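Thank you all for coming.

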Amino acid sequence: MIGYDNIPENENILLDLPFYEGGKIVTRDQAKPHHDGVNFQDPGGGSFSFAAEASGLTVPEFVTVGGGGTDGVYLDLDDALCADLDFTAGDYSLGVWVNWAVGATSSSIVMGRYVLNNNGWELYLTDYGGNLSLTLRHHHSGGFSERTGNFSLGWAHNVWTLIGVSRSGADAAHFRNGAVVPTTGSFEDPETCSQDLVIGCRYTKNADWFKGKMWRPRIWNEALTAIDWFNIFDKERDLFGV
Amino acid sequence: MKIVKTAYSGYARIRTLLANLVSSMLTLTETGGTITTDGTVQMLFVHDAPAGVYSPKMLSLDFTNQSAGTTVKIDLFYRIKSGGDYRHVDSVTFADGQSPDLKLISLADNRFGVSLSIEKTAGANADYDFEVFYAI
């Protein structure tokens, strides 16, 4: 047996949600900070569905029915409980397995803690005219621009994919299934944020719904290396047959 | 003597064998938090459908904040077949202030689901710190 905290990729992990609870409202964080109070939210139109993959792993499906204000579902965590996810400076990483379905809106927020054009960070997928991209964006109330960030192309619908981003300084490396992919763009530090963490929707919790399946969103306060991302992918790929 | 034929050899084979060995090791993991009782049945920990055999180890529950006149009940449920219902395994009741404050409840191995809940049945609501260890 090996201890969770002794696995190199887990040394600086802040949030780790494996969604073991099935259809319960609360989901537990197995990272050391114990972010208590990550809740599944259903505004009314969409729903969560839990089903097992061929491997036996049960994952939630975000059953989004449209692009309207209550057409999707999401998870959130009260801002007072996630002050440690306010990355105003320094390195951080975001990771999650997704099986991204075609939705009603071009943007699908994967996760974020932000206010548009003001503060914080967000990670989202975009389907714009058949160009499928992943963007990490910082928001600014001051500075040179209201938004800075970078994006990568070549993402896909309806296949399990490990998303990884490692932000360090003015750059953020993007990783798809443990392998680095080219990016365009650069960053300034985001302004401090006191917004709820959201997973699967816009910060206003009424748009940009993620549609599809998702497993184990994770956040680190370090920039994971290419070897870290490869190791994560290599250990978990069999759960999804990729 | 059994001859195992492989399509690869040398370093690639060693690497694969090591990877298989590491992948087969359980990872001792923990979760937890603070739960505020409210008189309803509240989830402490649920692993609803493990991907395979895993090993819940222990629930730790801190009764420091429990006052005289308060009673809480801890219920443990297991599912022991795929698609089956949860079955009640045990119920432990703690009344009034506790000494020592911290209680440790052992858990058994499982393959199809485990659920732990807390319910305040009398007295005042309170905050209870808890953690659950499991090897997965």
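I will take the sheets, then the core and the helix, and finally the contact between the chains.

Before that, a word on conventions: residues are numbered from 1 along each chain as its sequence is written, while chains are lettered from A and ligands numbered from 1 in the order in which they are written. This is a predicted model, in which local features need pLDDT of at least 70 and side-chain atom pairs count only at pLDDT 80 or more, whereas totals for chains, interfaces and linings use all residues.

Let me begin with chain A, where 9 strands form an open antiparallel sheet in the order E3-E4-E7-E17-E9-E10-E11-E12-E16. Strands here are DSSP runs of at least two residues, helices are H or I runs of at least four, and both are numbered from the N terminus; two strands pair if DSSP finds at least two bridges between them. At the edges of this sheet stand E3, residues 26–27, and E16, residues 184–186, each of which pairs on one side only. E3(A) meets E4(A), residues 38–41, through 2 antiparallel bridges, and A:Val26 has A:Asn39 as its bridge partner.

Elsewhere in chain A, E5, residues 47–52, and E6, residues 58–63, pair in the antiparallel sense over 6 bridges. Their hairpin has 5 residues between the strands, and there A:Gly56 takes a positive phi near 100°. A:Glu61 of E6(A) stands opposite A:Ser49, and A:Glu61 also stands opposite A:Lys213 in E18(A).

Chain B has an open sheet of 4 strands, in the order E2-E7-E4-E5 with antiparallel pairing. E2, residues 41–47, and E5, residues 87–95, each have a single partner strand, so one side of each is left without a neighbour in the sheet. Strands E4(B), residues 71–78, and E5(B) are joined by 8 bridges, and B:Tyr78 has B:Arg87 as its bridge partner.

Now, which residues have the most contacts inside the largest nonpolar core? They are A:Trp97, A:Val110, A:Val198 and A:Met214, in a core of 76 residues. By nonpolar core I mean a set of buried Ala, Val, Leu, Ile, Met, Phe, Trp, Tyr and Cys residues joined through C-beta atoms within 7 Å; a residue is buried if 20 or more other C-beta atoms lie within 10 Å of its own, exposed if 12 or fewer, and partly exposed in between, with C-beta atoms placed from the backbone.

Helix H1 of chain A, residues 226–236, has A:Asp228, A:Trp229, A:Ile232 and A:Phe233 as its buried residues. Seen down the helix axis, these fall within an arc of 130°, so they line one face of the helix; the arc is that of the directions from the axis to the C-beta atoms.

B:Ser67 and B:Asp96 are 29 residues apart in sequence and 5.6 Å apart in space, C-alpha to C-alpha.

Finally, the contact between the chains takes 22 residues from chain A and 20 residues from chain B, where contact means C-beta atoms, placed from the backbone, within 7 Å.

Methods:
Contact = placed C-beta atoms within 7 Å.
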